[in-house]
Amino acid sequence: MDELMQTESIVLAPFEAHHVGGALALSRAAGWAHRREDWEMIRSLSEGRVALAGDRVVGTALMTPFGDTSSAINMIIVDESQRGRGVGRKLTTAALELAGERECRLTATNDGLPLYEKLGFVATHQILRHQGIAGQVGAPDNVEWIGPDALPAIKALDRTAFGADRDAIYNALANEGRFAAIRKGDHIVAFAATRLFGKGEVVGPVVAENSEQARDLLAFILSGKEGRIVRVDIPEQTGFSSPLADWGLPKEGSVVAMVRGAAGRCETPAVQTFCLASQAIG
């Protein structure tokens with residue numbers, strides 16, 4: 001797929017650093033909140049393809065590998081002027097080819113579901129997007145900020161919960177944001193990440209042993225964000241919509257989590273994770 005593909009006047013080419021500006025313009029036109037820094041972060045972690053009309057970026061798709069076993073297909077956008085021409089399907093197929101034999105995960109809007117189902121994806125659950133201006137939230141006393149020396153422990157917890165190697169993402173998150181954690185004795189047993197995103201911040205991933213720990217992590221992070229725009233994406237089954245709304249983050253919409261090539265796993269008996277790649281990188 002490293003060779004250019006021709007579809008009438010549209011060609012697919014490798015996503016390179018000089019395409020970031022065009023991708024940013026495309027996402028802004030689509031109403032996405034991503035900054036240039038957000039695009040640069042995800043591109044640094046991924047391989048991808050762009051659809052070009054001459055020198056203009058009219059479509060994007062990225063594949064973010066999680067070691068050799070899993071991946072996320074993300075940042076799939078097609079310019080409104082090019083929709084209905086099969087560009088989205090070609091971009092998604094190209095990203096799937098980059099994934100090779102890896103399991104592939106993505107989040108889909110209702111409009112995108114038919115395409116992804118035809119490409120072999122199966123829906124697993126709904127993801128609710130909560131966003132708003134954080135209100136006054138009390139900080140639980142069982143949570144603390146942790147430094148980069150805790151990164152190995154965080155990576156190990158995430159591998160157990162998510163079921164794949166996302167070390168590269170956590171290296172990036174350590175540079176871009178902060179981690180809060182809960183300890184039992186000397187051991188970290190739960191954590192959450194937060195970083196700048198769009199016009200505010202995004203919280204996630206969150207890895208915890210139970211829902212009480214997850215709620216405490218969210219409350220702790222939000223306790224320092226009063227008056228700021230914050231986004232949190234949660235699986236519908238967590239039941240956290242009401243507290244998030246009470247904290248100033250109403251539900252804004254939802255997408256469907258999908259997987260291709262494996263059953264998909266978001267939890268083990270010991271640890272559960274809000275395993276949303278979009279929270280970490282997109």
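A polar contact of 2.4 Å links the side chains of Gln-82 and Arg-85. (A polar contact is a pair of N or O atoms within 3.5 Å; within protein, one must be able to donate a hydrogen and the other to accept it, and residues adjacent in sequence count only if both atoms are side-chain atoms.) This is a predicted model, where local features need pLDDT of at least 70, side-chain atom pairs count only at pLDDT 80 or more, and totals for chains, interfaces and linings use all residues. Residues are numbered from 1 along each chain as its sequence is written, and side-chain values use heavy atoms, with hydrogens and water left out.

**Exercise 1.** Find where Gln-82 lies, and decide whether Gln-82 counts as buried or exposed.

*Solution.* 
- Step 1. Gln-82 sits in the loop between E5 and helix H3 (87-99). (Helices, H or I of at least four residues, and strands, E of at least two, are DSSP runs numbered from the N terminus.)
- Step 2. Its relative accessibility is 9%, so Gln-82 counts as buried. (Buried means under 20% relative accessible area, exposed over 50%, partly exposed in between, with a 1.4 Å probe and protein chains only.)
- Step 3. Leaving out residues up to four places away in sequence, Gln-82 touches Ile-10, Arg-56, Val-58 and Val-87. (Contact means heavy atoms within 4.5 Å.)

**Exercise 2.** Work out how the buried residues of helix H1 (residues 20-29) are arranged.

*Solution.* 
- Step 1. List them: Val-20, Ala-23, Leu-24, Leu-26 and Ser-27.
- Step 2. Look down the axis of H1. These buried residues fall within an arc of 165 degrees, so they line one face of the helix. (The arc is that of the directions from the helix axis to the C-beta atoms.)
- Step 3. Check the other side of H1: Arg-28 and Ala-29 are exposed there.
- Step 4. Find the cover. It includes helix H2 (36-44), strand E4 (56-66) and strand E5 (70-78).
- Step 5. Gly-31 follows H1 and has a positive phi, near 85 degrees.

**Exercise 3.** Which residues of the largest nonpolar core touch the most other members?

*Solution.* 
- Step 1. The core has 26 residues, and Leu-217, Leu-222, Val-232 and Leu-244 touch the most other members. (A nonpolar core is a set of buried Ala, Val, Leu, Ile, Met, Phe, Trp, Tyr and Cys residues joined through side-chain atoms within 4.5 Å.)
- Step 2. Helix H7 (211-222) is one of the elements that supply at least two residues of this core.
- Step 3. H7 gives the most, with seven residues.
- Step 4. Apart from this core lies another, of 25 residues, including Ala-61 and Met-258.
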